[in-house]
Amino acid sequence: MGSSAVAAIEMTAASSWWDDVNASAVWQDRIFHALAALYGVVAAVAVVQLVRIQLRVPEFGWTTQKVFHFLNFLVNGVRCLVFVFRRDIQKLSPEIVQHILLDMPSLAFFTTYALLVLFWAEIYYQARAVSTDGLRPSFFTINGVVYAVQIAMWLILWWKPIPVVVILSKMFFAGVSLFAALGFLLYGGRLFLMLQRFPVESKGRRKKLQEVGYVTTICFLCFLVRCIMMCFDAFDQAADLDVLDHPILNFIYYLLVEILPSSLVLFILRKLPPKRGITQYHPIR
């Protein structure tokens, strides 16, 4: 038997295995429950870290670091519940409810990591003695526009389900993900280059440099992969993430764009703030 024939048989077997798992209700439930368990673990880690930070610096109120961990807990906790009840969610009517439950955590994920970009931008501009007064209004404005556009698309789908609006919704979120990826590249890159210029003997320079470099790379790739996948999802039914019979694709997608990045970032940013004497842990206003 020739090598091409062997390769064809192996590809057929792999395809058959993939199709069998996708078509199996038992495997669908197992994979979705595995995702729920992973999200639950990440949510637990985030809330434990939030409690540790609160016990360490209760006098600072809701700092950027605390809000970041709280949003991580919220996003991963909601995702956990969604995948626990994934089969029931697929039966909900009207269909727009399904879109909201599946897409809202993605929007909250964007907000969570946009907050990290904001934090880095503030550090960067403060170090260069540039005013940061416009950063927080810009952050809230950008998030407000993103949520408003997405809600408008949901309302249109509720009023009259139009396939082109579903495609536009997915492409919109692909654009939002690309915007987030570029935000990390811009401000993470700027902060990384600025830290590189600090004297070698600067206390904590090496660790902070690694922290910024790792988180920038992870988050840039995470949002870039999400952007690419949402483009495929919009135009290729075989890449549809909002159906029950694509559990393997769901597992790979959510593992790469949410679970793994969140876990790595929470691990890298695990260091607790000092009890007093640092000005960058200020309340969200």
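Begin with Arg30 and Trp27: the charged end of Arg30 sits over the Trp27 ring, 4.9 Å from the ring's centre. Keep in mind as you click around that this is a predicted model.

Now select helix 2, residues 25-56. Color the buried residues of helix 2 next; among them are Gln28, Ile31, Phe32, Leu35, Ala36, Tyr39, Val42 and Ala43. Further along helix 2, the buried set also includes Ala46, Gln49, Leu50 and Ile53. Here's a handy bit of background for reading a pattern like that: an α-helix has 3.6 residues a turn, so residues three or four places apart point the same way.

Time for some rings. How many aromatic pairs are there? The count comes to 15. For one of them, pick Phe109 and Tyr113: their ring centres are 4.7 Å apart and their planes sit at 40°, so this pair is tilted. Both residues belong to helix 5 (residues 95-127), and because they are four residues apart, about one helical turn separates them. Are Phe109 and Tyr113 buried or exposed? Both are buried.

Stay with the rings and select Tyr124 and Tyr125. Their centres are 5.3 Å apart with planes at 70°, so this pair is edge-to-face. Tyr124 and Tyr125 are both buried, too.

Next, show Phe68, Phe109, Tyr113, Trp120, Phe184 and Phe223 together: they form one aromatic cluster.

You'll find Thr216 in helix 8, residues 205-235. Its relative accessible area is 9%, so Thr216 counts as buried.

Now bring in the database record. An unreviewed UniProt entry lists "transmembrane region" for residues 31-55, 67-86, 106-125, 137-159, 171-193, 214-235 and 251-269. Select residues 171-193: the chain there is 100% helix and 0% strand, and the end C-alpha atoms are 32 Å apart. Then try residues 251-269, where the chain is 95% helix and 0% strand, with end C-alpha atoms 25 Å apart.

For the last stop, zoom in on Arg270 and Phe267. The charged end of Arg270 sits over the Phe267 ring, 4.1 Å from its centre.

Conventions
Residues numbered from 1 in each chain as written. Predicted model: local features only at pLDDT ≥ 70, side-chain atom pairs only at ≥ 80, totals over all residues. Heavy atoms only, no water. Helix = DSSP H or I, 4+ residues; strand = E, 2+ residues; numbered from the N terminus. Buried < 20%, exposed > 50% of the residue type's maximum accessible area, 1.4 Å probe, protein only. Phe/Tyr/Trp six-rings, centres within 6.5 Å; stacked < 30°, edge-to-face > 60°. Lys NZ or Arg CZ within 6 Å of the ring centre and 35° of its normal. Expected span 1.5 Å × (residues − 1). UniProt positions renumbered as here; feature names shortened; annotations may be inferred.
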